[in-house]
Amino acid sequence: MTSDGTRAVHAGLPPARPGGSFAAGPVFAATYHLSGDPSGPYQYGRFANPTWVGLENAVGELEEAAGTVVFPSGMAAISAVLIGLTEPGDTVVLPSDGYPATRGVGAHLAARGVTVRPCRTDNEALAEAVRGATLVLLESPSNPGLEVCDLARVAELAHSEGALVAVDNTLATPLGQRPLALGADISLASGTKALTGHSDVLLGYVAAADPALAERVRAWRTLTGGVPGPMEAWLAQRSLATLQLRLERQAANALALAELLADRPGVTGVRHPGRPGDPAHAVAAAQMRYFGSVVAFVLPDQDTAERFLGALELVFESTSFGGVHSMAERRGRWPGDDIPPGFIRFSVGCEDTADLLADVAQALDKTLGTAAERADG
Ligand SMILES: Cc1ncc(COP(=O)(O)O)c(C=O)c1O
């Protein structure tokens, strides 16, 4: 059973047995029956839960990991790696153009004697930045700029310096890209986005190539107590079965939207790694199977961007991505990203392509003018 869609449908399910359900339901337990000297996998609710284990098996299978640890959010997963796996004297490379909260955790590392080296998601810049590093965290494609780096090449360079390599795989998901197979030590992600895909769950995970590394992360979670609720873990595993279907529709929608935008006067800076002609496409195509749901582009100014978002009828204005509902935002409404005021981060959902394009086209007509109006004026 090797194809991605089949793996996603069956990942982490218990063996079939007469009268058994296909998937186990959530186990709500703060504690377990435990006599005498502690033994067995389930001793106390903060240490382990069968519903987490089901999800960890499923995600681990898709990431091709030796060990996987689930967390209540992507930031909890990132913090476990950045804080739990570093010590004073270490040097950590973090994406300067990635999700801003990751750099926010970096600020706490700096206060604890860890040198933080911000670096763009760019092969040449990373080749310099990894020198002398102990941990390199990459985000490819990056959020929100959709830059891509050559994961195998950067991992090899970082390993030659003795550094651990972690990749934030939030945007791609394990069906879109498998960082461990490309040489990374850790693939981590916010499962809040495309992995669970319904905008109803916060979740994160750390998947490691080395079981001992996964156990270090698990020990950190047990100690610090950042554990997911069983309901969230169960919902996440339930969502995995449709991951490939969702990614396929989103891939088609993202490409169609990027093409529409690229042809539209008044729209600049269209980025989507799946679009032939995108500066990142060649590297992305060599290491990714699905290119994610996000399309980035720039409208002339803040006012135009806000009017465009207000004119969309089908697309929600919201700050996330990867879900089945199309959503978009003016990214500059948040601090932390080096982007123009009219920068739009648009995440396509699973709506019919024609409906989605029609909505974007009418919103662009309202804000930038129709072709006839442009010809007139
Ligand atoms: C690339 C990336 N990593 C991590 C996170 C954090 O995930 P969460 O919101 O689940 O903590 C996000 C959130 O947007 C993200 O975009």
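**A walk around the ligand and its neighbours**

Let's start at the ligand: helix H3 supplies the largest share of the shell around it, 3 residues. Helices here (H or I, at least four residues) and strands (E, at least two) are DSSP runs, numbered from the N terminus. Before going further, please keep in mind that this is a predicted model, in which local features need pLDDT of at least 70, side-chain atom pairs count only at pLDDT 80 or more, and totals for chains, interfaces and linings use all residues. Residues are numbered from 1 along each chain as its sequence is written, and side-chain values use heavy atoms, with hydrogens and water left out.

Now look at who surrounds the ligand. There are 14 residues around it, and Met75, Asn143, Asp168, Ser190 and Thr192 come nearest; a residue is near a molecule or strand if one of its heavy atoms lies within 4 Å of it. By class, the shell divides into 5 nonpolar, 6 polar and 3 charged residues. Here Ala, Val, Leu, Ile, Met, Phe, Trp, Tyr, Cys and Pro count as nonpolar, Asp, Glu, Lys and Arg as charged, and the others, Gly among them, as polar.

Which atoms lie 2.8 Å from an oxygen atom of the ligand? One is a backbone N or O atom of Gly74, and another is an N or O atom in the side chain of Asn143. For Lys193, an N or O atom in the side chain is 3.0 Å from an oxygen atom of the ligand. Taken alone, the ligand exposes 390 Å², and the protein buries 92% of that (accessible areas come from the Shrake-Rupley method with a 1.4 Å probe; for residues, only the protein chains shown count as cover).

Pro144 is in the loop between S4 and H6. Pro141 sits in the loop between strand S4 (135-139) and helix H6 (151-160), and the peptide bond from Ser140 to Pro141 is cis, with omega near -5°. Leu146, in the loop between S4 and H6, has a positive phi of about 60° although it is not a glycine. For context, most residues other than glycine have a negative phi, and most peptide bonds are trans.

Back to H3, this time for its helix partner. The axes of H3 (residues 74-84) and H7 (residues 211-224) come within 10 Å and cross at roughly 105°, which makes H3 roughly perpendicular to H7 (65 to 115 degrees; under 35 counts as roughly parallel, over 145 as roughly antiparallel and the rest as oblique). Axes are lines fitted to C-alpha atoms, for helices over the stretch in contact, and angles run from 0 to 180 degrees between N-to-C directions. Ser79, Ala80, Ile83 and Gly84 in H3 meet Arg216, Val217 and Trp220 in H7, where contact means heavy atoms within 4.5 Å.

Notes
A polar contact is a pair of N or O atoms within 3.5 Å; within protein, one must be able to donate a hydrogen and the other to accept it, and residues adjacent in sequence count only if both atoms are side-chain atoms.
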